[in-house]
Each structure stands twice: as structure tokens, then as C-alpha cells.
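This report describes a structure for a reader who is new to the subject. Please look at the sequence and the model before reading on.

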Amino acid sequence: MWQLEFDRGTIRLAGLSDTSSVPPACRWDDRTQTFRAEAHHYRRIVEDLVRREVPYQDGVRDWPKVPWRRSFERDAFDHQREALEAWIRSGGRGCVELPTGSGKSFVGVLAIEKIQRASLVVVPTLDLMQQWASDLALMFGTEVGVIGGGEYEVRDLTVTTYASAHLHVDRLGNRFGLVIFDECHHLPGPSYSQAALGAAAPFRLGLTATIERQDGQEAQLETLIGPLVYRRDITELAGLFLSEYETIRLYVELEGDDAAAYLRERSIYRDFAAREGISLGGPRGWREFLAATNRSEEGRRAFRAYQEQRRLALAAPAKLELLEQLLEQHAGDRSLILPNDNDTVYEISTRYLGPAGTHQTKLAERKEIIQRFREGEYRTLVTAKVLNEGVDIPEANVAIVLSGSGTVREHVQRLGRILRRRAGKMARLYEIVTRGTGEEYTSEKRRSHRAYQ
Amino acid sequence: MLTNDLLRIRRGRKFVHAEYVDEADPDLLELAKALIDHHRAAIGRKKSFLDDAIKDLLGDGTDFLLHRGLARLLEKRCRFEVESVLPPVDLRRTVFEVSTTRRAVGGGVAGLDRTAVLEEAAGKLEISPEEVEEGLYADLDSEQILRDFRAYSPEKLLQRYNVALAQTVLLRAHQLKVDLPKESPARYRQIFRFLKFYRLMHRLDGSTKSGYRLTIDGPVSLFRYSQRYGLQMALFLPVLLHAESFELEATLEMRGGKRIFQLSAKDGLKTHVPDTGTYIPEELQRFGERFNDKIDGWKCEPQSEIVDLGGQGIFIPDFTFTEEATGKKVWLELFGYWKKSGLEERLALLKEHAPGPVLLGLSDRLRVDEKKLEELPAGVFHYRELPIVKEVAALLPEALERG
């Protein structure tokens, strides 16, 4: 009789009597004198043993069946129902791609209700963790555990972050029958993927707005979660779900001393690169530049010059003047202000005495600030990166991007946040760009995505 | 331990070398002293003040990785505190409420009257507007006040740095091979205890004569190169540094492929963790001599081989007894600190994996929990200060019979 045990992200198979009955994906481990497999093969192993009628004792499965019932009715949209059906047809393993704001998380709720097992939801940020936890608590009328941001509480419904999940999978990998990976494009990669590899959960659901990763690792998702089972494009759903929006780009100029300083610092680092024979536009240019700046005091100076000119372009004082005008113009609206770095977040917050959130903001305060912003007790919110992904603030109708790093995904998600469906809402996205600097290029790149067209 | 961005290594095709510092270099000792003094001088000041002071001290030099590494180790010895009349989060709530209301009532312009907002908030909180403004973000890392600094000596800081550097390299390790040619049983036990504590797995090869080789990794290592045990390996290193002689070889996953990192007792790294649990009373060491004096027909030898217990532990007998007539052996293991649950686990392991009869001696003095064993299993006995030679000798024949 085989004995299956969960052992720190793997499954140990002891009690071998006949080597011909070794299931797939198992290897001999002479350290423990047992067979062993990675935990994500649990389903394959059990299916194989059952099919061949090999007797076994299952010490892995530590997830209770729970009769999850939604505490109130809410009709699913066609695309949500179709997504769930496609996922079930694929055996409860697979990824669903839907645009931000189209109700991805409700597909997750439907999956939890369908599978009826203890379930874990993995999300990229603490804000999303908080949001899922309160949504699930409301939806199922139950207490929800959270792991992350200094909290550790495991329940039959638990929400955690990617950063925590892979650290705790050794202990919790056999505790949940269903794992939902929200914004699952985060999962591939040597560390985070452990959260999927070390889990025994036979049912897995990936949710994302943009499955394509720049490094092409999406193929890994098929192993870690399952195949892409359903996808709808933003253009197929726009109008139906997303509020109308417009983007407006505004330019500011660097003035006086700043303009001179910008040009000076810029030429210091560019001259240095030229002398070192580095082409900054080339594919390896940036890495070569970084390496060269480590080798001499002159290089250190060039690196400082690079940082300084970037800071000048990003934080041009004229941007704050323009921001002030926009805030006045939109005094009756709910505005998100999105600078590029935390120093600017605090500068704006201190200057205008308005609420702000960064990675340094503790969980409780973060929750309170977002809550108050949604209820209209606060009408502005300054934040850099923390709230970037998927956090639900449908009440916001103005976003002011003070500068950005230019990766496509970040801006689709930023847009998504102020584009949530709401009757009669006309959302507006401002981009404030410093003319004649590297920022202009970044902004062009950002606009090439289809969500902006 | 340092963060990855502060790692200083030289990469070869096959090997990676850590750039240790010379712990006796007078210039470095002077720099270490200056850094320590800057920390001392910053007690009572903001963290941003300390950071600026360090930045000025270090300048644009190319050794910035080393300097920042030293500063990082000192930062871990600092305790920062928030200084504000009221908790900053309460100040913020009131200020943001006031500013939102004013903005809504008076339109944009009035809302931006900072002085008025601060005064109104101060009135509500019954403190001064200055206290409001100073405390508003006093809980940010950079704004916190350095209250306490547990200084190292400059020498200690450099020693600590070298160990931290090796530990940081090990963060990328997916396997360690450690050769331990000759250590005391107490040392071996300490090493294995910590391997277990850090949830690492091992494979044990060798013998007392040839020395032992440990291969250390984790459950998943059977399937893929995984750096997930790197942190546990790095934490284990300071324990290993207590060994008299060791050779360590780590396989690392780096950009550009696999590399080897070597470390041995000859590198002279000085561990900072206390050497715990290896104390053996001198009387115990004389137990063997007394046994051989008093007991005929048996020969007692201290400290023999290591027996691997199915990867889940090891068995290092304190004494081996050989029956002179037959050459048959009985082993004795003395259990220092013990708990009932631990003992039961131990007995089960020994039953399955021990190569022959084993006696277990339990120290009464060192029992950790209050649970007693209702009935002593065969071969298990209690002792107070030291095992009594005659009692042990009486247990030997029946142990042989049990097999």
C-alpha cells in the first residue's frame, strides 16, 4: 500500500512493494528512501493510482470540503458565465483573460462556489489582498484569513500575496483544494512560481487582464495553472462595461536654472557614455553604462548626473503648478494623482495636505484611506506604485499621471482603475509630460497600446 | 547578511570568489571607526540626517559597495523611534478631513491655504500647528529618530562583514557539499541539530577514518535547481564556522550559468553566534576509563562513527561497548535536553534505522518538560549527574539479546 505524505512542497510516497506501480512524475529519493514528486503533480498521481486500481493511503489532502454559498444573488454577465464554463470544461484548471473592470474577480467567486473546497487567492499587492478579503467576506458571509503585510491568519477562505505565498507554500501547500492566481502574469519566475509548484491543489484558476509578458514566460503558466481557456478583448467589451474616457496630454517646460541644470547633467552622463564607447540606445547599452559607472570616480559622477537629470525631468516644478490648476478645475471630482516616486508623493501630500499612500503606509491606514476616498470623505489621493494594479476605485473619475515608467501593462491597469463601469461617468486621464526630455518618448511608447487608441 | 545589490564578488568561468576585506587593514579599520562614530553622533537625530552624513563621508568613491555594506550592518544595530506628540496617523486623519472640507466649501483656492488648515486641525487636536506639521509624517523611515545604537568595535565590524558577505553568496546556492574530516560528536550533533532546525535535508557519506561528507539541500532539490533553501543555508553558515576544520563547496545559480563557491576553515571567518550545546562534562569523558577499569568482558570506547537515520537525523553514539568474547557491539547515546515527544520520535527512528542494539541514557537534570515516561522502554535508563558504570554494564547483555 502506497502512503502519500505532503513534505514541504513535495509529495513523499512511501511503502513501495512493487516498483512497476510507481506513478508518473515520481523519483527515487535516497535521502529518505522513498519516492518523491513535486506537489503540483498530486492530481496526476492520484488519477493514475485510481485508474490502475493501486491501493493507497492519502495523507496529502488537508483541505476540507466546504459548502460555499453566496449570501446574496447577483447575476453573472455572459462573459463571466462563459469563462467559468470554459474553465470547468478544462477540468478546473486554466487561465481566463478579461479586461480590467469587467468583473474578473467575480469569475473567481463563481469558481470557489463551484468547487466547494477550502480555497486560497493569491494577489500581487496588499491593497488587492485587502479588497479580495472584504469582497469574499461579504460574498460568502464568512470570515476570511489573510497572510501578508504582517498578518498571518489561515482560514478555509484565505487571501495572500505572491510575495508571501511562495514563502509559506512549504507549510500550506496541502491546505487548499482550489488556488486562484489573480493577475496571474506575475506567477512565472523562479521565486513566485514556487507558490504553484509546491501546492497540491488539484483545481487552479488564473485571472489576468494581460497575459502577455515581455519576457515570453506565459508558456510557463500552462504548467503552473493550466491552459488559457477563455479570453475577451477590451474592444469586445468596451461601451458595454467601461465608462467613456478621454486622455489629455499636457506639456510643461523646464525653466531657468532647472533647464540649465538638466542640460548640464544630461551632457555629463552622455559624454561619459560616449567616451567609454557605450551606445545607450543599444540593447546592452544600459547594463554596460551601469557597469562602467562602477569603475571610476568619474563614472560615479556620471551616474549621479543621470539620476539628477531624470529627477529634474520627472519632478519639474511646473508640473506642480499645473497639478494645482487641474485640482482646482476638478474640485468637485474624485481625483487620483499618480507621480513616479515616493518622494514626490510625500511632497505633494505635505504641500496640499491631502491623503497619500505608499509601501510605507500600514495596512489599516491604507484600508481607511481608500475607504474614505471611495465614500467621498476624501476627494484626492496621491499614490505612486502601490495601488497600481487592479484596485477597485470606481468612484475616481479623474487621474493625473505626473510621470510614468512607460511599461505598457502598468498604464492599461492604471487606466482600468478609473474606467470602472458607472452610470453617466465620463472619466478623464491627464498626462503631464516635460517637453524636450526622455519623458516624451516614454509617453509615446505608452500610447502605442490598444487601450489608448 | 547583506542584500544582493551589495554583493562583492569576482566571477570566473567556474568559480566565484567573495571579495573579503583584510580585517587588519589600517585604512579600513579607520573607515569602520568613522562609520561607527557617525552612528554614535547621530543618536537623537533623524535617520535622514544619519543617511546624509554617511553619504558625505563616503563621497563618490568606487568602493561604495563595501562602504554601504558596512553601513548596512551597522543600521541593523540601530533602533529608530517615531517622535510625535500624537500618533502621526491620527494627525493625518484630522488634517486630511479639514483640508477636504475646506476645499469643498471654498473651492480650490481656499483649500490650499495651508496655514488655515494646519491651525484648524491643531485646534481640533488641542496641540500647536507646528506640532501638527512636524508630526504629520514623523513615522516615515527617513523621519524617525535614532534612539539606540549597539556599536561594534571596528575589528568586529570587519569580521562581521566577511561572514555576511559569504552568507550573501550562499543566498544563491542550491546545494552545499561540506567535508568534515574530524569533529567531536558534540560538534556533529550541533551541526545536525541546526540542519534540522533550518529544515534542510542532508545526505551523509564517509566514515570516521575518511571523514564525512554532507550534501545539503531541500525536498524540491530532487527535481530542480532551487535557490529557495539559500536563506536557510546562509543562516546555517555561522554554526558551521564553529567546526575545527571544514571545506564547503556551494553550487550557485548565477546570471550566465552555474558557478562554484568555496569556503574553508582556512579562510578564517569568525562566527558571531554563540557556540551552544556542545559542552561535555569532563567526568563524562572519564566514564570510559572507569568502565574499562571496573568491568571485565567488555571494552568501552568513546565517540565512534556516525549513523545516518534515513535522512531524518543522525545517530552519534557517545560510547561503543564491545563484548570481548564475541566482538558484538552495543551503542550508548546520552540524551541531554529532551522532551517526551522528541524521545518517542527518536526511539522510532532508532528502531527502524539503527544498525544494532542501542542504549539510551536520559539525563534527569536536563529534562525540558514535565511529562514523564510512564514506562521505560527496553534499553532506556535514567541517570542523574553521570551514568553509573555498574548500571550500564548490567544492561549490556540484555541489549545484545534483543539484537
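The sections below go from the model and its chains to single strands, helices and residues.

## The model and its numbering

This is a predicted model, in which local features need pLDDT of at least 70 and side-chain atom pairs count only at pLDDT 80 or more, while totals for chains, interfaces and linings use all residues. Residues are numbered from 1 along each chain as its sequence is written, and chains are lettered from A and ligands numbered from 1 in the order in which they are written.

## Chain A in outline

Chain A has 16 helices and 19 strands. Here helices (H or I, at least four residues) and strands (E, at least two) are DSSP runs, numbered from the N terminus. Of the 453 residues in chain A, 48% are buried. A residue is buried if 20 or more other C-beta atoms lie within 10 Å of its own, exposed if 12 or fewer, and partly exposed in between, with C-beta atoms placed from the backbone.

Two residues are in contact if their C-beta atoms, placed from the backbone, lie within 7 Å. Among the contacts in chain A with a separation of 6 or more, 74% are between residues 24 or more positions apart.

## A sheet of five strands

Chain A has an open sheet of five strands in the order β3-β4-β2-β1-β5, with mixed pairing. Two strands pair if DSSP finds at least two bridges between them. At the edges stand β3 and β5 (56–59) of chain A, each with a single partner strand, so one side of each has no neighbour in the sheet. On average, neighbouring strands of this sheet are turned by 30° against each other, direction ignored. Such angles come from axes, which are lines fitted to C-alpha atoms (for helices over the stretch in contact), and run from 0 to 180 degrees between N-to-C directions.

Strand β2 (residues 10–14) of chain A is mostly covered, with four of its five residues buried. Strand β1 (residues 2–7) of chain A pairs with β2(A) in the antiparallel sense over five bridges, and D7(A) has T10(A) as its bridge partner. The hairpin of β1(A) and β2(A) has two residues between the strands, and R8(A) there takes a positive phi near 45°. Strand β4 (residues 34–38) of chain A also runs antiparallel to β2(A), joined by four bridges. I11(A) stands opposite A37(A), and L13(A) has F35(A) as its bridge partner.

## A buried strand

How many of the residues of strand β12 (residues 203–208) of chain A are buried? Six of its six residues are. In a regular strand the side chains alternate between the two faces of the sheet. In β12(A), F203(A), L205(A) and L207(A) point one way, and R204(A), G206(A) and T208(A) point the other way.

Strand β12(A) runs parallel to strand β6 (residues 93–97) of chain A, with five bridges between them. It also runs parallel to strand β11 (residues 178–182) of chain A, again with five bridges. In β12(A), T208(A) is the bridge partner of E97(A), and L207(A) is the bridge partner of D182(A).

## Where chain A touches chain B

The contact takes 34 residues from chain A and 32 residues from chain B. On the side of chain A, the elements that give two or more residues are β3 (27–29), β4, α11 (297–314), α12 (317–329) and α13 (342–352). This side has eight nonpolar, ten polar and 16 charged residues. Ala, Val, Leu, Ile, Met, Phe, Trp, Tyr, Cys and Pro count as nonpolar, Asp, Glu, Lys and Arg as charged, and the others, Gly among them, as polar.

## Two helices and a residue in chain B

Helix α1 (residues 26–41) and helix α3 (residues 64–75) of chain B pack at an angle of about 40°, with their axes 10 Å apart. The two helices α1(B) and α3(B) are therefore oblique to each other; angles under 35 degrees count as roughly parallel, over 145 as roughly antiparallel, 65 to 115 as roughly perpendicular and the rest as oblique. A32(B), L35(B), I36(B) and H39(B) in α1(B) meet L70(B), A71(B) and L74(B) in α3(B). The residues of this contact divide into six nonpolar, one polar and no charged.

L359(B) lies in strand β15 (residues 358–363) of chain B. L359(B) counts as buried because it has 23 C-beta neighbours inside 10 Å. Leaving aside neighbours within four places in sequence, L359(B) is in contact with V330(B), L332(B), G379(B), L395(B) and A399(B).
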